[in-house]
Amino acid sequence: MIPYGKHSITDEDIAAVVDVLRSDYITQGNTVPHFEDAIAAYCEARHAVAVSSGTAALHLACLSLGLGPGDTLWTSPNTFVASANCARYCGADVDFVDIDPQTYNMSAEALGKKLEKADRDGCLPKIIVPVHFAGQPCDMKAIAELARRYGVYLIEDACHALGAHYEEKPVGTCEYSDITVFSFHPVKTITTGEGGVLLTNHDPVYERAKLLRSHGVERSGNRDWVYEQNDLGFNYRLTDIQAALGLSQLDRLDAMVALRCKHATRYNELLRNLPLILPYQSEFGRSSWHLYVIQLSEEAAVTRGSLYQMMQDAGIGVNVHYIPVHTQPYYQRLGFCPGQFPTAEAYYDRCLTLPLFPTLSATQQEEVVRTLGDCLE
Ligand SMILES: *Cc1c(COP(=O)(O)O)cnc(C)c1O
């Protein structure tokens, strides 16, 4: 079986983890701060707070911006459920903004219209979470301009986009947002097993996220044993074992993204004569190619459902990103229903994610393409 995604671990990665295992601190030592400094430097952001998952980072991001009951967060329906769930953890409501049919990212045009109406109706969101789907940056300038106009915070869900660039700068600078969040789950561009990070240029957001990561507890006074709990926090810490893996992986981030890009370019070449819509790339960004997503075009003789099954049966681990979040049973129970975000739903009906990871071989890639060609005949 050729999987749709796969981590890549080297002997150096393993040695780095073993070094920490043999040291005095396997958690709360100095490897986590080193990892945070390295990520912040790579992304050209002021602060980084490493946490136990991308989901934890989204949750702390929302709390650090003061999201709570009575507030609303808007995100894209074409994302992993965590981008919306983070609001629910805070007791806030969720709504969605339909996607752009070319990039599959939140549509800045739809966002503008929805904000205008919400402003008239007195129900503006507190936070908007654009998601850099598949690793392709959203139109952040346009989205940031709208957020500024209406006084809304922005959290970039960049879980797909570590190593991507927006206008030649790394995603994560937070130049157009308040916070950027990354995930280090094994299918993402670099991994720590589980893990995530929150980046920000705002000092108070940084301080609050750091506090809430570890129970809301702070040292106080000059006696070692005195600590004070001023807020209700969590244990969302990353371990030094994980941070060692992350630091070692970060060294290879650009090389791994370059391989993903090379494989994507080859797919573009090999698939161009099939009845497929290939990934559109906007001129202002450079994708990290977390996913290579195709859509069946109108001429295709098969449905996405049957294509998925045929590919799986032939040993090709294709996947589907994403079932629109508002159609999940949990969100339908909150009042959402199919038909509300038609562009995301139409895209979902025709999309398929092909295997893409740094160590995908030319032979494997040719097998994917040949099988896809056979299935489409
Ligand atoms: C992976 C992912 C998350 C969640 O990250 P975890 O580290 O798995 O908690 C959130 N949003 C998006 C878009 C993701 O792809």
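How far is an oxygen atom of the ligand from an N or O atom in the side chain of Thr-55? The distance is 2.5 Å, and a pair of N or O atoms counts as a polar contact when the two lie within 3.5 Å; within protein, one must be able to donate a hydrogen and the other to accept it, and residues adjacent in sequence count only if both atoms are side-chain atoms.

Hi everyone, and a word on ground rules before we go on. This is a predicted model, where local features need pLDDT of at least 70 and side-chain atom pairs count only at pLDDT 80 or more, while totals for chains, interfaces and linings use all residues. Residues are numbered from 1 along each chain as its sequence is written, and side-chain values use heavy atoms, with hydrogens and water left out.

Ser-183 has a side-chain N or O atom 2.7 Å from a ligand oxygen, and for Lys-188 a polar side-chain atom sits 3.0 Å from an oxygen atom of the ligand. On its own the ligand would expose 380 Å², and the protein buries 92% of that; these areas come from the Shrake-Rupley method with a 1.4 Å probe, and for residues only the protein chains shown count as cover.

Who else is around the ligand? The shell holds 15 residues, with Gly-54, Thr-55, His-160, Ser-183 and Lys-188 the closest; to be near, a residue needs a heavy atom within 4 Å. By class, the shell has five nonpolar, eight polar and two charged residues. For that sorting, Ala, Val, Leu, Ile, Met, Phe, Trp, Tyr, Cys and Pro are nonpolar, Asp, Glu, Lys and Arg are charged, and the others, Gly among them, are polar.

Now for the space itself. The ligand takes up the second largest pocket, where sitting in a pocket means that more than half of a molecule's atoms lie within 2 Å of its grid points. The search runs on a 1 Å grid over the protein atoms alone: a cavity is a set of points where a 1.4 Å probe fits but cannot get out, a pocket is an open set with protein on both sides within 12 Å along at least five of seven lines, and lining residues have an atom within 4 Å of a point.

This second largest pocket has a volume of about 340 Å³, a volume being the space filled by probe spheres set on points joined across faces, edges and corners. Its lining counts 23 residues, and Phe-80, Ser-183, His-185, Lys-188 and Tyr-322 lie nearest its centre. H3 and H4 are the elements that each give two or more residues to this lining, and H3 has the largest share, with three. Helices (H or I, at least four residues) and strands (E, at least two) are DSSP runs, numbered from the N terminus.

Please look at Tyr-322 on the screen. A cis peptide bond joins His-321 to Tyr-322, with omega about 0 degrees, and Tyr-322 is in the loop between helix H10 (304–313) and helix H11 (329–333). Most peptide bonds are trans.

What is the volume of the largest pocket? It is about 540 Å³, and among its 24 lining residues Gln-28, Lys-210, Arg-213, Ser-214 and Arg-237 are the closest to its centre. Helix H2 gives the most to this lining, five residues, and the lining divides into ten nonpolar, six polar and eight charged.

Last, the cavities. There are two cavities of 30 Å³ or more.
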